[in-house]
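Please examine the structure shown here and work through a set of questions about it.

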2 protein chains.
Amino acid sequence: MNILVTNDDGITSQGIYSLVEALRPLGSVTVVAPDRQQSAVGHALTVSEPLRVVRFWRDEQFFGYAVSGTPADCVKLAVARLLPTKPDIVVSGINHGYNTGINVLYSGTVSAATEAMLLGIPAVAISLGTFDENADCSVAARTAAYIVERYHEFELPPTTLLNVNVPPLPEHQIKGVRITRQGQGVWNDEYEERLDPMGRPYYWLRGTYNHLDSDPNADDVAVEQGYIAITPIHYDLTDRAAIERLKERF
Amino acid sequence: MNILVTNDDGITSQGIYSLVEALRPLGSVTVVAPDRQQSAVGHALTVSEPLRVVRFWRDEQFFGYAVSGTPADCVKLAVARLLPTKPDIVVSGINHGYNTGINVLYSGTVSAATEAMLLGIPAVAISLGTFDENADCSVAARTAAYIVERYHEFELPPTTLLNVNVPPLPEHQIKGVRITRQGQGVWNDEYEERLDPMGRPYYWLRGTYNHLDSDPNADDVAVEQGYIAITPIHYDLTDRAAIERLKERF
């Protein structure tokens, strides 16, 4: 099995390292990841600038290709240029921080998996619910390996990918796996205004996330309750129910 | 009516200017838009840097606020900081180039409308199918005004926005309006490799879009046939059909 690994925290992150270690026994793993932190880039592509690629070494071994772009760029470039054959699966992560609820829309981690799906490649995004760079990623890494090994058994449509979120708990405290839907929630945005040394204002985004869901089948609720949340997501954004109503109005 | 206008081509573009002119008779229009081209940024947010805002003048009149961020940043910052009250509607565009099919996922124009919807504000994204900066935007601008004026009649759910695409044709050649779904298609990616003066490679993305749809109700097909395509889109990405199958597997 040929496995492409990417992420949005950058090729130097702990999460991608743990993921690669866990996937190596399953096949040939190639890493193509951003050369720096790319959080909250959404499904951005680099179209107005060219991309650079450098070989990245870790522990005195070749670890992978570092790309001067977004997670979606990494997948596109890997498939079009860097890999000799189309990968059998793309795994994106392990992200530091949950990608649940509406955060999926802002997520570079999920967008890399989406890009793979658009290219016809099965894909998994995996995130661990902590921003601690030194967190133990082993449960998330084993979860990813478990899913990759069994992916074909799930018989998912080619337009669907798996978004997996893992609570930052030791394995014996994880209550199990829950198949979930994308949760509902909103960010309460605040922009803190500061003045630069010239007296000109600038604004820092600081949001707080408000859960609106209490359904245990919502991804953000499931992880808070100690479950690994697996959400199948697709990208037909059409609101089919609204089509009929609109047709009556035009 | 308080109308917030943004885009992803930047505050200097012709499209946003035409849009603002068309919307002024309907209410109070405030422009908060990126200070530069932001195409293909997807639903990116600026989280690792602060945002700058400058007042932008056009034809010797105050035109709007130019923000050093993405379209989604503009909407968030406008609502949280720059506007005295929550706008009644957000209109994003007029984008130069279609946002149909899977391109919706990469679109900064649509992401601005999505961000508005996430903040509980009705939203319209509007795009014109040409990259010609001097194209006649009048049909698209009048279409936007028509939709904004009648938006409340559509009785859309609060989680749905309208994605509108207008063919680059004179009005008498437009065949009408079609309520559409997001079309299917794929990009065939190519990365052109070049060498810099130091002999190091860099890669430019050049894709060609392959329509996979022939259904006249697909947005990309409708515009090619000369219709204005209006697609209601929402952001519950869950593939509900896949949930049951997955539940059997875990």
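The questions and answers below concern this predicted model.

User: What mean pLDDT does chain A have?
Analyst: The model is a predicted one, with scores of ipTM 0.89 and pTM 0.92. In chain A, 100% of the residues reach a pLDDT of 70 or more. The mean pLDDT of chain A is 94.

User: Which rotation superposes chain A on chain B?
Analyst: The superposition has an RMSD of 0.0 Å, with 0.0 Å of shift along the axis. That is the relation of a two-fold axis. The rotation is 180°.

User: Which residue of chain A comes closest to the rotation axis?
Analyst: The distance is taken at the C-alpha and amounts to 2.8 Å. The same surface serves both copies, as 100% of the contact residues of chain A recur in chain B. The residue that comes closest to the axis is A:Gly42.

User: Which element gives the largest share of the side of chain A that touches chain B?
Analyst: In total, 60 residues of chain A are in contact with 61 residues of chain B. The elements of chain A that give two or more residues to this side are helices H2 (71-82), H3 (108-118) and H6 (240-249), with strands E8 (176-179), E9 (185-195), E10 (201-211) and E11. The largest share, 6 residues, comes from H6(A).

User: How many nonpolar residues are on the side of chain A that touches chain B?
Analyst: Sorted by class, this side has 13 polar and 13 charged residues. Its nonpolar residues number 34.

User: What radius of gyration does chain A have?
Analyst: The secondary structure of chain A comes to 6 helices and 11 strands, and its C-alpha trace spans about 55 × 55 × 45 Å along the principal axes. For 250 residues, a compact globule would have a radius of gyration near 18 Å, and the value for chain A agrees with this. The radius of gyration of chain A is 19 Å.

User: Among contacts in chain A between residues at least 6 apart in sequence, what percentage join residues at least 24 apart?
Analyst: Buried residues make up 54% of the 250 residues in chain A. Of the contacts in chain A between residues at least 6 apart in sequence, the share that joins residues at least 24 apart is 74%.

User: How far apart are the end C-alpha atoms of helix H4 of chain A?
Analyst: Helix H4 of chain A (residues 138-150) has 13 residues, and at 1.5 Å a residue it should span 18 Å. The model agrees with that expectation. The end C-alpha atoms of the helix are 18 Å apart.

User: Which residues of H4(A) are buried, and what does their cover include?
Analyst: The buried residues of H4(A) are A:Val139, A:Ala140, A:Ala141, A:Thr143, A:Ala144, A:Ile147 and A:Val148. What covers them includes, from chain A, helix H1 (14-23) and strands E1 (2-6), E5 (89-96), E6 (123-128), E7 (160-166) and E11 (227-234).

User: How many residues of helix H2 of chain B are buried?
Analyst: Helix H2 of chain B covers residues 71-82, and it is largely enclosed by the rest of the structure. Its buried residues include B:Pro71, B:Asp73 and B:Lys76. Of the 12 residues of the helix, the number buried is 9.

User: Is B:Leu26 buried, partly exposed or exposed?
Analyst: B:Leu26 is placed in the loop between helix H1 (14-23) and strand E2 (28-34) of chain B. Not counting residues up to four places away in sequence, B:Leu26 touches B:Met1, B:Ile3, B:Ala145, B:Val148 and B:Glu149. Because B:Leu26 has 16 C-beta neighbours inside 10 Å, it counts as partly exposed.

User: What is omega for the cis peptide bond that joins A:Gly93 and A:Ile94?
Analyst: Most peptide bonds are trans. A:Ile94 is in strand E5 of chain A. A cis peptide bond also joins B:Gly93 and B:Ile94, with omega about -10°. For the bond between A:Gly93 and A:Ile94, omega is about -10°.

User: Is A:Ala40 buried or exposed?
Analyst: A:Ala40 has a positive phi of about 60° although it is not a glycine. A:Ala40 is found in the loop between strand E2 (28-34) and strand E3 (53-58) of chain A. With 23 C-beta neighbours inside 10 Å, A:Ala40 counts as buried.

User: Is A:Asp59 buried or exposed?
Analyst: Phi of A:Asp59 is also positive, near 55°. This residue lies in the loop between E3 and strand E4 (61-67) of chain A. With 6 C-beta neighbours inside 10 Å, A:Asp59 counts as exposed.

Definitions and conventions: Residues are numbered from 1 along each chain as its sequence is written. Chains are lettered from A and ligands numbered from 1 in the order in which they are written. This is a predicted model: local features need pLDDT of at least 70, side-chain atom pairs count only at pLDDT 80 or more; totals for chains, interfaces and linings use all residues. Copies are superposed by least squares on the C-alpha atoms of residues with pLDDT of at least 70 in both. Two residues are in contact if their C-beta atoms, placed from the backbone, lie within 7 Å. pLDDT is the predictor's confidence in each residue, from 0 to 100. Helices (H or I, at least four residues) and strands (E, at least two) are DSSP runs, numbered from the N terminus. The expected span of a helix is 1.5 Å times one less than its number of residues. A residue is buried if 20 or more other C-beta atoms lie within 10 Å of its own, exposed if 12 or fewer, and partly exposed in between; C-beta atoms are placed from the backbone. Ala, Val, Leu, Ile, Met, Phe, Trp, Tyr, Cys and Pro count as nonpolar, Asp, Glu, Lys and Arg as charged, and the others, Gly among them, as polar. The radius of gyration is taken over C-alpha atoms; the globule rule is 2.2 Å times the number of residues to the power 0.38.
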